[in-house]
Amino acid sequence: MSNPSLLILAGDGIGPEVMAEVKRIIDWFGANRGLTFDVSENLVGGCAYDAHGTPLTDATMAKAQEVDAVLLGAVGGPKYDSLDFGVKPERGLLRLRKEMDLYANLRPAQCFDALADFSSLKKDVVAGLDIMIVRELTSGVYFGEPRGIVKEGNERVGINTQRYTESEIARVARSAFELARRRNNKVCSMEKANVMESGVLWREVVTEVHQAEYQDVQLSHMYADAGAMQLTRAPKQFDVIVTDNLFGDLLSDLAAMLTGSLGMLPSASLGAPMANGRPKALYEPVHGSAPDIAGQGKANPIACILSFAMALRYSFDKGDEAARLERAVEDVLADGLRTADLMGPEGGSPVSTTGMGDAILAKLD
Ligand code: NAI
Ligand code: MG
């Protein structure tokens, strides 16, 4: 059997810096755990524009369609701000998401004990927190027609339309149930079925998919506004939350910040299963290219490293190896190692990007 394949797109700014640490970790798994990937690498974003006049070449797009998983760093930077809209670095990322049809956006909110003081919530509310928000990413009110600003009489009217087909709801529900089976078998679906027809249909379809295919998973429903309250009151009651594009945008940002720094947050975007049963997948840190610290060795590589851990778990069925890597991160933090972004007001001496990578590799050993 051939090795699983990975396409690395490090991108711009701190992207290549944090990805360099991930590459060392990938090598470690090859050398020590018999887990060898066929890794290819290419350009995306501003660096691709510099080299090819486009933020994503057709060849890179084709490669992304054929590999088992894509691992992306970050794109963008002030150097590219004046470019035409069509060739901006972000267009490269948007093209990947669109052409791979990545409809399920996974945003974990996980609290490492050593960082629990970082949260704006009380320590015991967040310590040990580990939840996953699944946000529908390719439909809903951000895409529905009609849309626009029209004139009615002598008033302007802004219009957006929330629209979901049952197949769009069913496929993201399946992604959530599949995830739940790899976690704690629990899904909470959030909508506003009390005031929105699209929410009524959402609840019906999620219930139907559950009845037909996933009765082993525990399903509950919650109105999204109540969900927001519960997320801040008692977030540990949740495991997997599935919700639409708009509510997911808000709830995933809210949940992520329960646990602290942007430099810690991984994400995944999943699409339909491929012929080998694995979903199309793109893994990336939530943060951007951080031009203010790029090139200084200050970036926290953990968000990108945890994105690779998600790839191990959700694309390659290596939950044990993912847990091994997450544990190494946890141990390093428990030892008190901090990159600059994790320094509290009391200060201290931060480690560099490679210093953090070294420490995580040492824990893996
Ligand atoms: P950003 O996430 O790049 O940075 C926000 C703040 O967080 C900065 O102060 C930065 O230094 C800090 N930060 C981010 N990641 C960090 C890490 N790993 N370690 C330590 N500190 C970290 O967002 P910003 O400044 O709004 O955007 C900068 C550029 O990145 C823009 O060109 C933007 O378009 C692009 N961007 C790209 C994204 C992507 O590739 N997915 C996502 C967000 C922004
Ligand atoms: Mg957002």
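Is L43 buried or exposed? In this predicted model, L43 belongs to the loop that joins β2 (38-42) to α2 (46-52). L43 has 22 other C-beta atoms within 10 Å, and therefore counts as buried, since the threshold for that class is 20 or more.

When its neighbours within four places in sequence are set aside, L43 is in contact with A48, A51 and T60. L56 stands 13 residues from L43 in sequence, and the C-alpha atoms of L43 and L56 are 7.2 Å apart in space.

Attention may now turn to a pair of helices. Two packed helices are described by the distance between their axes and by the angle between those axes. For helix α11 (residues 319-334) and helix α12 (residues 353-364), the axes come within 9 Å and cross at roughly 120°. Because of this angle, α11 is oblique to α12. The crossing in which α11 passes α12 is right-handed. On the side of α11, the contact is made by R324, A328, V329, D331 and V332; α12 contributes A359, I360, K363 and L364. Sorted by class, the residues of this contact comprise 6 nonpolar and 3 charged, with no polar residues.

There remains the ligand. Ligand 1 is surrounded by 22 residues, of which G76, G263, H287, G288 and N300 are the closest. The shell around ligand 1 is made up of 11 nonpolar, 7 polar and 4 charged residues.

How values were computed
Residues are numbered from 1 along each chain as its sequence is written. Chains are lettered from A and ligands numbered from 1 in the order in which they are written. This is a predicted model: local features need pLDDT of at least 70, side-chain atom pairs count only at pLDDT 80 or more; totals for chains, interfaces and linings use all residues. Axes are lines fitted to C-alpha atoms, for helices over the stretch in contact, and angles run from 0 to 180 degrees between N-to-C directions. Helices (H or I, at least four residues) and strands (E, at least two) are DSSP runs, numbered from the N terminus. Angles under 35 degrees count as roughly parallel, over 145 as roughly antiparallel, 65 to 115 as roughly perpendicular and the rest as oblique. A crossing is left-handed if the near helix is turned anticlockwise from the far one by less than a right angle, and right-handed if clockwise. Two residues are in contact if their C-beta atoms, placed from the backbone, lie within 7 Å. Ala, Val, Leu, Ile, Met, Phe, Trp, Tyr, Cys and Pro count as nonpolar, Asp, Glu, Lys and Arg as charged, and the others, Gly among them, as polar. A residue is near a molecule or strand if its C-beta atom, placed from the backbone, lies within 6 Å of it. A residue is buried if 20 or more other C-beta atoms lie within 10 Å of its own, exposed if 12 or fewer, and partly exposed in between; C-beta atoms are placed from the backbone.
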